[in-house]
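Have the coordinates open in your viewer as you read along.

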Amino acid sequence: DQGIPTIPNQLIYVYFPFDDASLPDLGKLHALGRLVADLIRQQRAVLIHCAMGLNRSPLIAGVALTHLGLSGAEACRQIQERRPGALYNEVYAKYLVSLPSQSM
């Protein structure tokens, strides 16, 4: 991608494109959720983005929140409160709501 900083040891950039029509590979989704949660626990800044910020990035953020101790229902509610219109993809919302807290 253009414009990604290349300063050594400053940035972790993960590119994980997936369709908005169905759930992505769940192993990869939860690996990213764990990575995001671990970085947040270390007080690192994390940016998750997609084209509109309404489905794919909220799904990853929601999974990360379950790895930080929220239930999927709590994560979904929190995301939708902060980002009106988020998780209108019923497949994503239903999956997220079904998740228990994943924290260790």
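## Aromatic rings, a surface patch and a helix

Searching the whole structure, which is a predicted model, turns up 2 aromatic pairs. One of them joins F16 and F18: the ring centres are 5.2 Å apart and the planes meet at 45°, so this pair is tilted. Together with Y92, residues F16 and F18 form one aromatic cluster.

How accessible are F16 and F18? F16 is partly exposed, with a relative accessible area of 22%, whereas F18 counts as buried at 12%. The cut-off that matters here is 20%, since buried means under that value.

L11, Y13 and Y15 make a nonpolar patch of about 350 Å². Of these residues, L11 sits in the segment before α1 (26–41), and its relative accessibility of 45% makes it partly exposed.

The table puts the accessibility values side by side.

| Residue | Relative accessible area | Class |
|---|---|---|
| F16 | 22% | partly exposed |
| F18 | 12% | buried |
| L11 | 45% | partly exposed |

Finally, have a look at helix α3. Which residues of α3 (72–82) are buried? They are G72, A75, C76 and I79. These residues span an arc of only 100° around the axis, and therefore lie on the same side of α3. The cover over the buried residues of α3 includes α2 (56–67) and α4 (90–98).

Key
Residues are numbered from 1 along each chain as its sequence is written. This is a predicted model: local features need pLDDT of at least 70, side-chain atom pairs count only at pLDDT 80 or more; totals for chains, interfaces and linings use all residues. Side-chain values use heavy atoms; hydrogens and water are left out. Buried means under 20% relative accessible area, exposed over 50%, partly exposed in between (1.4 Å probe, protein chains only). Helices (H or I, at least four residues) and strands (E, at least two) are DSSP runs, numbered from the N terminus. The arc is that of the directions from the helix axis to the C-beta atoms. Contact means heavy atoms within 4.5 Å. Rings of Phe, Tyr and Trp (its six-membered ring) pair if their centres lie within 6.5 Å; planes under 30 degrees apart count as stacked, over 60 as edge-to-face and the rest as tilted. Patches are made of residues with over 30% relative accessible area and no salt bridge: like charges are joined within 9 Å, nonpolar side chains (Val, Leu, Ile, Met, Phe, Trp, Tyr) within 5 Å. Accessible areas come from the Shrake-Rupley method with a 1.4 Å probe; for residues, only the protein chains shown count as cover. A salt bridge is a side-chain nitrogen of Lys or Arg within 4 Å of a carboxyl oxygen of Asp or Glu.
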